Amino acid sequence: MTVHKSAPVRSTTARSTTGPGGEERAPATPAWWTRAVVYQVYPRSFADSDGDGIGDLRGILSRLDHLADLGVDVLWLSPVYPSPQHDNGYDICDYEGIDPIFGTLDDFDALLEAVHARGMKLVMDLVVNHTSDEHPWFQESRSSLTNAKRDWYWWRDPRAVAASDLPVEPAEGASPQAPTAAELPVAPVEPNGWRSAFSGPAWTFDETTGQFYLHLFAPQQPDLNWENAEVRAAVYAMMNRWLDRGVDGFRMDVINLISKNLEQVDGGAQASGIGFQMGPRLHEFLQEMHEAVFAGREADLITVGEMPGVTVDDARLFTDPSRRELDMVFQFEHVSLDQGTDKFDPRPLDLVALKRSMGRWQEGLADVGWNSLYLGNHDQPRHVSRFGDDGTYRYESATLWAALLHLHRGTPYVYQGEEIGMTNVPFARAEDFRDIESVNYYREAVVEGGRPADEVLAGLRAMSRDNARTPVQWDATPTAGFTTGTPWIPVSPHVVEVNVEADRASERSVFAFYQRLIELRHTDSTVALGRFTLLEPDHERLYAFTRDGDDDRLLVVGNVSGDDLEVPLLGGWAEAEVVVANYPQRAAAAGQVLAPWEVRVLRVRRA
Ligand code: TEU
């Protein structure tokens, strides 16, 4: 078991416990996840055991030693539940089962057992802001205005249209009854101006009952109505069943969207998320969930809420242990800084803005709450391509970003393939994309919007979620050791140079570098809990900070550029111990010039 439960008491980020009489006791040791590293598996693209070209649970099982070797503590599994797969499993039609493309519940139990046998934990993806439109709950809900589950989703009448907007005056003596949808003189108007994250309005009109339903994502992903207490009870019961089965926590998809205020808004509010992000009852719902699901067993679990638009101040509340909500949240600030007019309009990285953002989160959650740390996941392009140099300096920039991220205070998340420096994919044509977001964006921008295809494709190539979704490259063969069949999305042509086999055999192994970083998180109290201080915030190429522990100080310096960089900071550090470096020879020589994408982690001990 690599998880350390007896770290020195230094952090307030500990589970507060309640005594027999209900009195609050002082926090004991920091929670186990303050020293843990999580690895995300996107099951479709990880490993395929049966040759159908789609990754599956038996495939993951067969590659579990890769994770154990890396040293990670937790495996987070993106959704494996039955799903029509419009959004690769983030549209769930049965919360209790496993999609046949991924295997069976028996396969799941076998995987869970094997994960536990290796001293790791397993976290499920919890997608409860919405279900699939094929979920029986929605099927019932849409069947009639009076169905018992009608109120489980957000149904609303079309917005009233002013008489002056109608093309013709109603004929004299016309029926006083409301016209049916088909009889309306103009198409029914959406109840409010919210837009779907995957293009188009967030409302779809349902002919059966003449009302619209809300979907903040695709029309196949109707939003659950968390105002309804039966919905909440059904979700909590389902979560309890998974915990009883042995899973160790949840990553909660867009959990800050579950509380909504439909009255507050109109179209202009989309960007700020007013009305659907951070709604009025969010904290109440999360506390209720904690009580109904986690209470009593929280010390062994990990909970992380995905929260687009969350601020540091919000995050302090969500992750303050005494409030009993969540352990940590995924925030989006640092992965939004390189976006122009929208996410497919990439801008060069503004390092100063990135450092300041990361620094503010470190500062804001230093005494209360806890950070999650990530650069990539299944929704983001590959960070070595996005923030580094995936050509000449692929090894150097992949390891630089790994070291910078993992030396922050928080729980690091490694996304599959990142540990071998997997890169973005040279998608060329519209047909190359599989992701619903990319496909819809292209249609809206080019086919309907008339924007130049080249320009839109360039944005998609840089930012599409598909960059993170091509098969994990296990070896240099054409199907990458991922499948014996035809992969559901083509293997990246970079498989020849970038694959697990080659990386692990190399003297410059990204994998070995990650192993070292993960080991440090387990064994080094200053890495886990030391106080963070950002240095040289306005420097445009240098990323530098210190971490202070009781007996030592770490200095982290990185050259975020492809040119040499002189770093006077290093002057006083000539005698320091090199903890991690991606140019070990140079680091030992303690020069004051950093090579392209060089990173050094140095330690001085206090007298
Ligand atoms: O993502 C929510 C989210 O806010 C975005 O990152 C989203 O993926 C999109 O890129 C908006 O531009 C979560 C899941 O991680 C994502 O895979 C799902 O598609 C989405 O929710 C819906 O469940």
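A polar contact of 2.7 Å joins the side chains of aspartate 73 and histidine 522; the term covers a pair of N or O atoms within 3.5 Å, where within protein one must be able to donate a hydrogen and the other to accept it, and residues adjacent in sequence count only if both atoms are side-chain atoms. The model is predicted, with local features needing pLDDT of at least 70 and side-chain atom pairs counting only at pLDDT 80 or more, while totals for chains, interfaces and linings use all residues. Residues are numbered from 1 along each chain as its sequence is written, and side-chain values use heavy atoms, with hydrogens and water left out.

Aspartate 73 sits in the loop between α2 (64-70) and β2 (74-77). Helices (H or I, at least four residues) and strands (E, at least two) are DSSP runs, numbered from the N terminus. With a relative accessible area of 0%, aspartate 73 is buried; buried means under 20% relative accessible area, exposed over 50%, partly exposed in between (1.4 Å probe, protein chains only). Lysine 121 is 48 residues from aspartate 73 in sequence and 6.3 Å away in space, C-alpha to C-alpha.

Asparagine 559, in strand β14 (residues 552-559), is also buried, at 0% relative accessibility. A polar atom of the asparagine 559 side chain lies 2.8 Å from the backbone oxygen of alanine 595. Leaving aside neighbours within four places in sequence, residues in contact with asparagine 559 (heavy atoms within 4.5 Å) include Leu400, Arg541, Asp564 and Trp597.

The distances given for these residues are as follows.

| Pair | Distance |
|---|---|
| Aspartate 73 and histidine 522, side chains | 2.7 Å |
| Asparagine 559 side chain and alanine 595 backbone oxygen | 2.8 Å |
| Aspartate 73 and lysine 121, C-alpha to C-alpha | 6.3 Å |

Strand β14 belongs to an open sheet of five strands, ordered β12-β13-β14-β18-β16, with antiparallel pairing; two strands pair if DSSP finds at least two bridges between them. The edge strands, β12 (531-535) and β16 (577-581), each pair on one side only. From one strand to the next the twist averages 20 degrees. Five bridges link β12 to β13 (residues 542-548) in the antiparallel sense, and leucine 535 has alanine 544 in β13 as its bridge partner. Helix α14 (residues 510-523) lies across β16 and β18 (599-605) and runs at about 125 degrees to β16. Axes are lines fitted to C-alpha atoms, for helices over the stretch in contact, and angles run from 0 to 180 degrees between N-to-C directions.
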